[in-house]
Amino acid sequence: MAVGDEELPELAPVAGVRLAAVAAGIETPGRNDLVLVEAAPGANCAAVFTRNAFCAAPVTVAREHLRACAGKPRYLLINTGNANAGTGDAGINDARACCARVSELADVAPWQVLPFSTGVIGEPLPVARIEAGVPEAFAALAPDAWPAAAAGILTTDTRPKGCSVGFRAGGDDYVVTGIAKGAGMIRPDMATMLAFLATDMAVDGAVLQALLQNSVDVSFNRITVDGDTSTNDACVLLATGAAGNPPVTDTGGEAGRALGDALREVCAALAQALVRDAEGATKFVTVQVNGGRDERECLDVGLYHRPLAAGEDRAVRVGPQLGPVAGGDRPRRSAGSGCRRRQSLSQRCADRRARLSRGVLHRGARRRRHGARGDRHSHRAGAGRGGRGGVDFRPVLRLRAHQRRVPHLNGCRARGGGGDPRRRR
């Protein structure tokens, strides 16, 4: 259930950018699931990718191609329905094959095409369907196809997300337009989201990257819906230079500040749209953190990555500043020097739950001191008696209940509350 009744606003075209969305039949026949974005020659590109150690094939290839083309790609190819994640070397080859198809039709180098994928993890990418849909996408390219592209990149989202902001600098008018997708498995460090933005302003590549990183830090990196990470996520910004201005070379100049303000406004709007469309969301709350020694400490307190304890809290927004945040852990005590350690322990605990939920051995050798069964917790002693060979197959919710009773697993003193027992991923 989405929070709020938000319609897609009018999305202004960006000179030097054309888009198309077509149905390639990747997962659902008849649904637009392949998006092609064309940038004018010479356009600069900045990108921020997921920090997940297990990056999907398209992220790996996109990074390689972005370096190879010196930050000046000509095309972005986005498919939904299949994430091309967990597919090994075959996935890398599949992503490159899709780029090669675009480069063949556009007469550009393969590394001038950046691939992006979102959808089901662990299944081979249907390369033949994507390759068959690319010619149709080329034929459909248009400068006003932002709404179609916004709808074409969705997966479990209930509605498309986009924003346009016009701004002035040096007496000239410019525009920033962006679209995004994401509804679940959202947390800071770019998780389960894709965002594509463009401006007609000419901007130096290094300046463009700095402005995008700053905008992401105060928007997409301050949201979390259910605390899960992902493998495919990216935020891409194109600067076409079609407005004809001298390239912006300083983030602190008039043009750099104006563009930075516009980017932060667009990214904040898109980030909040992701939170409002969170899977199962019924509330949108703002939490302001005060009294921290610096912004980092405020974020350590405000950004927690496990669901809140109350029953109707799947979407919560946390600051400071305009950073929207959904979900997260409740701080057990006020901010202090131990914030980072508690957050680290909390994350390790979350990682532990993820392993347990997949039926991984949970008992260490040090538990042998508790007797022949090897475990002081009777409800987990089956392995010591020969049951299931030491593998725990119980639902993760029971493990969460246990962890609330053992403070050292949570990294702080547990006290009451706990997650909604009805929630399961």
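Of the 35 residues in the largest nonpolar core, the ones touching the most other members are Phe-167, Val-176, Leu-197, Met-201, Val-203, Phe-220 and Leu-259. The model is predicted.

**Nonpolar cores**

- Leaving aside residues up to four places away in sequence, Met-201 touches Phe-167, Ala-169, Tyr-174, Ala-239, Thr-240, Gly-241, Asn-245, Val-248, Ala-255 and Leu-259.
- A second, separate core holds 34 residues, including Cys-45, Leu-76, Ala-142 and Phe-196.

**Helix H2**

- H2 has 19 residues, which should span 27 Å at 1.5 Å a residue; the end C-alpha atoms lie 28 Å apart, in agreement with that value.
- The buried residues in H2 are Gly-91, Ile-92, Asp-94, Ala-95, Cys-98, Cys-99, Val-102, Ser-103 and Ala-106.
- An α-helix has 3.6 residues a turn, so residues three or four places apart point the same way.
- The cover over the buried residues of H2 includes strand S2 (34-39), helix H1 (57-68), S4, S5 and helix H3 (127-140).

**Aromatic pair**

- There are 3 aromatic pairs in the structure.
- One of them joins Phe-116 and Phe-196 edge-to-face, at 5.3 Å centre to centre and with 75° between the planes.
- Phe-116 belongs to strand S5 and Phe-196 to strand S8, so this pair ties together parts that are 80 residues apart in sequence.
- Phe-116 is buried, at a relative accessible area of 3%, and Phe-196 is buried with a relative accessible area of 3%.

- Most residues other than glycine have a negative phi.
- Asn-84 is not a glycine, yet has a positive phi of about 50°.
- Asn-84 sits in the loop between strand S4 (75-82) and helix H2 (88-106), and counts as buried because its relative accessibility is 1%, under the 20% cut-off.
- Asp-107, also not a glycine, has a positive phi of about 60° and comes just after H2.
- The loop that holds Asp-107 runs between H2 and strand S5 (113-120).
- Asp-107 counts as exposed because its relative accessibility is 69%, over the 50% cut-off.

Notes
Residues numbered from 1 in each chain as written. Predicted model: local features only at pLDDT ≥ 70, side-chain atom pairs only at ≥ 80, totals over all residues. Heavy atoms only, no water. Helix = DSSP H or I, 4+ residues; strand = E, 2+ residues; numbered from the N terminus. Buried < 20%, exposed > 50% of the residue type's maximum accessible area, 1.4 Å probe, protein only. Core = buried A, V, L, I, M, F, W, Y, C linked by side-chain atoms within 4.5 Å. Contact = heavy atoms within 4.5 Å. Expected span 1.5 Å × (residues − 1). Phe/Tyr/Trp six-rings, centres within 6.5 Å; stacked < 30°, edge-to-face > 60°.
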